[in-house]
Amino acid sequence: MIRATEKSSPDSPATWSPRPERPSGFFIANLADSVFGPVRAKPPSTFPPSATGWSPLAGASPKLHDAIRHEFVSGGRVPHVCLQRVLLPERAEAMHQALRDAHFQRHHHGPYPLHIAPLAQQAPGVLTDFCAWLASEDGADFHAALVGWPQKLETRQVQVSRMDVGEQFPEHRDTDEEGLAVVYNFTRPWEQGFGGVLTFPHPDGDRDLMRVPPIFNSVFIFRAVDAPHRVTEWLPAAQGHQRYSITAFMLAKQ
């Protein structure tokens, strides 16, 4: 697990902050009772076999899986977990190269100044294979099991995005439905001065609740409903480099 630059719960080993936010009534009342139920069922202990072709986490120990699930539910106002080295090394390297070679175009929604890669316009290869797996039942089941999400999920959308210097993703909310947002990062190199940080505003409005850097071969998984967030500008210090990410929305199965 990796450390974000702010912390949303005081005893979380993966994130930190000078002003921690404790898990509150927001989490217990709205998530534990309405999603997990009054008695939380034991999460699945096995993953779809297809996951072993993508992630070493599919073969990790039960102790690590328990730690990941605990980290997620201890995430404070926005339940979350940050994980690094999440894809097999050869897969991550191939994904980085495929993203560099991919066909991108300006986002169709004007207020979103960034680039996206429509999957129908990409040559078959590791990028399209990975996105197809994320969109599959196995992909949704893997991520739900990884964090101990108790509902059956289905992937509604997979978006491949790139940021060039001067681009950003303004504050927005992804959905009003229960489920997960899963953000894979393939940015390399990345330095603090590059920007491109995923941030979640504090309800007080005077600081960030969380700041998540786009570390190569990492994934950030969070409860998607009513979680405003943005991605800060990709700054001139990053000239010659791009920020690459793939986001999947895995929501309650209808």
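Colleague: At what angle do H4 and H5 pack, and how far apart are their axes?

Modeller: H4 and H5 pack at about 70°, and their axes are 4 Å apart. Axes here are lines fitted to C-alpha atoms, for helices over the stretch in contact, with angles from 0 to 180 degrees between N-to-C directions. The two helices are therefore roughly perpendicular to each other, a label for angles of 65 to 115 degrees (under 35 is roughly parallel, over 145 roughly antiparallel, the rest oblique). Helices (H or I, at least four residues) and strands (E, at least two) are DSSP runs numbered from the N terminus. Keep in mind that this is a predicted model: local features need pLDDT of at least 70, side-chain atom pairs count only at pLDDT 80 or more, and totals for chains, interfaces and linings use all residues. Residues are numbered from 1 along each chain as its sequence is written, and side-chain values use heavy atoms, with hydrogens and water left out.

Colleague: Which residues make the contact between H4 and H5?

Modeller: From H4 it is Trp 133, Leu 134 and Ala 135, and from H5 it is Glu 137, Asp 138, Gly 139, Ala 140, Phe 142 and His 143. Contact means heavy atoms within 4.5 Å. By class, five of the contact residues are nonpolar, two polar and two charged. In that scheme Ala, Val, Leu, Ile, Met, Phe, Trp, Tyr, Cys and Pro are nonpolar, Asp, Glu, Lys and Arg are charged, and the others, Gly among them, are polar.

Colleague: And H3 with H4, what's the angle there?

Modeller: About 110°, with the axes 8 Å apart. That makes H3 roughly perpendicular to H4. Arg 91, Ala 94, Met 95, Ala 98 and Leu 99 of H3 meet Val 126, Leu 127 and Phe 130 of H4. That contact has seven nonpolar residues, no polar ones and one charged.

Colleague: Is H4 mostly covered or mostly open?

Modeller: Mostly covered, with seven of its 10 residues buried. Buried means under 20% relative accessible area, exposed is over 50%, and partly exposed is in between (1.4 Å probe, protein chains only). The buried ones are Val 126, Leu 127, Thr 128, Phe 130, Cys 131, Trp 133 and Leu 134. They pack against H3 (89–101), H5, S4, S6 and S11.

Colleague: Trp 133 keeps coming up. Which residue does it form a stacked aromatic pair with?

Modeller: Trp 54, at 6.2 Å centre to centre and 25° between the planes. Rings of Phe, Tyr and Trp (its six-membered ring) pair if their centres lie within 6.5 Å; planes under 30 degrees apart are stacked, over 60 edge-to-face and the rest tilted. Trp 54 sits in the loop between H1 (25–36) and H2 (62–73) and Trp 133 in H4, so the pair ties together parts 79 residues apart in sequence. Trp 54 is buried at 6% relative accessibility, and Trp 133 is buried too, at 7%.

Colleague: What else belongs to that ring cluster?

Modeller: Ring pairs link Phe 47, Trp 54, Phe 130, Trp 133, Phe 142, Tyr 184 and Phe 186. The structure holds 14 aromatic pairs.

Colleague: Switching to sheets: what's the strand order in the seven-stranded one?

Modeller: S1-S9-S6-S11-S4-S3-S2, an open sheet with antiparallel pairing. Strands pair if DSSP finds at least two bridges between them. S1 (80–84) and S2 (105–106) are at the edges with a single partner strand each, so one side of each has no neighbour in the sheet. S4 (residues 153–163) and S11 (residues 243–252) pair over 10 bridges, and Val 160 has Ile 246 in S11 as its bridge partner. H4 (residues 126–135) packs on this sheet, touching S4, S6 (179–185) and S11, and its direction makes about 145° with that of S4. H5 (residues 137–147) packs on the sheet as well, touching S1, S4, S6, S9 (218–223) and S11, at about 100° to S6.
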